[in-house]
Amino acid sequence: MNMNRFVYADNAATTQVSDSVFDAMLPFLKEKYGNASSIYSIAHEAKFAIEDARKQVAEALGAQKNEIFFTSCGSESDNWAIKGAAQLGAAKGKKHIITTNFEHHAVLHTCEALAKEGFEITYLPVNEEGLITPQQVADAIREDTALVTIMYANNEIGTILPIPEIGAICREKNVLFHTDAVQAVGHVHINVAEQNIDLLSLSGHKIHAPKGAGALYIRKGVRIPNLIHGGGQEAGRRAGTENNAFIVALGQAITDATKDIDSKNAKVAKLRDKLIDGVVKTIPKVRVNGSMEHRLSGNANISFEGIEGESILLMLDMHGICASSGSACTSGSLDPSHVLLAIGLPHEKAHGSLRLSFGENNTEEDVDYILEVLPKIIQRLRDMSPVWQA
């Protein structure tokens, strides 16, 4: 590893805990450690802090405070929303769910589990940019549709979906609408009321809070069943002793993340575009995956013909650069990315993909260093590849 340079370009996988978040949470790991469900003073301090964090999350999403429920992560929030909506629908004889074929596995695997219980799942195909149209959703909705669950922004290729328009269709058809917004929160403007969102999942570690803190927005009046039973926490909706410090951290993180989205996006998109332009100009036979018009500001997903993405990652790591070949949740899998297959890439090109994801802590010097190192790595790997033909 090059100890002289370190570039973290995998912010879509996780982010570093920020100073403001660390400072906010630290007292609740030390002196303010009381159980928020108890009645003495240090417990009250924890309880008040949790309610302040709930207000912060609600304000960031355009929600009401009593519509926010804290969870352990985005995957738990997805499971609770989808399974809960499915049970709600089944009680009314509705056992049809609509999603897309390139969702995060927290959604896809939950839908697969429900299919084994007799639910019918419609997987809407995305186009070559990773987009679906609102009309696709409208055409797929049936009398027995219990839920539409479509991600706000894709975690691998960064494509932003037309969520407000989809929400409007679902509201008009009286069908519950859930969106996995784990990648979108802090990067796009979200207002759950204006965008007709009934259920929204988010995770703190994507926005500089620690791993282990998430939330689910449940619109007032939507009474989905509990996923976790055993206690009266979270207004009786989600059992488990509250994780005071991490909840406080999430509140601070989402406030920071949504404070100045436009200027942050402008800065980060400049880095992304410089990287993509540099790669396209210096390396032959590359493809940029995902929509450039409807895209998260920090996401660059690029396929390189003739080589394996894992080899690129290992060699980048030797030069002090952290990146990904897809979702970090499936990095141990030998299968090509289901997202890249969904947008039409053949297996061999899907295997040779690299995701670089920037945050506000990255610099132009980081991009310059990647552009100095990456072309040499690609050339070296292609020289060794039995399938590469210049």
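**Close-up 1. Helix α9 passes helix α13 in a right-handed crossing.** This is a predicted model. Here we look at α9, which covers residues 261–282, and α13, which covers residues 364–384. Their axes come within 10 Å and cross at roughly 20°. Angles under 35 degrees count as roughly parallel, and α9 and α13 are therefore roughly parallel to each other.

**Close-up 2. Side by side, α9 and α13 meet through a set of residues from each helix.** On the α9 side, look for Lys270, Leu271, Lys274, Leu275, Gly278, Val279 and Thr282. Facing them from α13 are Glu364, Val367, Asp368, Ile370, Leu371, Leu374 and Pro375. Sort the residues of this contact by class and you get eight nonpolar, two polar and four charged.

**Close-up 3. Stepping back, the chain is assigned two domains, domain 1 and domain 2.** According to the domain assignment, domain 1 takes in 19–259 and domain 2 takes in 260–384. Their C-alpha centres lie 28 Å apart. Where the two touch, domain 1 puts in 29 residues and domain 2 puts in 27 residues.

**Close-up 4. Now for the area buried between domain 1 and domain 2.** The size of an interface is often given as the accessible area lost when the parts come together. For this pair of domains, the buried area comes to about 2300 Å², with carbon and sulfur atoms giving 54% of it.

Key. Residues are numbered from 1 along each chain as its sequence is written. This is a predicted model: local features need pLDDT of at least 70, side-chain atom pairs count only at pLDDT 80 or more; totals for chains, interfaces and linings use all residues. Side-chain values use heavy atoms; hydrogens and water are left out. Axes are lines fitted to C-alpha atoms, for helices over the stretch in contact, and angles run from 0 to 180 degrees between N-to-C directions. Helices (H or I, at least four residues) and strands (E, at least two) are DSSP runs, numbered from the N terminus. Angles under 35 degrees count as roughly parallel, over 145 as roughly antiparallel, 65 to 115 as roughly perpendicular and the rest as oblique. A crossing is left-handed if the near helix is turned anticlockwise from the far one by less than a right angle, and right-handed if clockwise. Contact means heavy atoms within 4.5 Å. Ala, Val, Leu, Ile, Met, Phe, Trp, Tyr, Cys and Pro count as nonpolar, Asp, Glu, Lys and Arg as charged, and the others, Gly among them, as polar. Domain bounds come from an automatic or database domain assignment. Buried area is the accessible area (1.4 Å probe) that two parts lose on being put together, summed over both.
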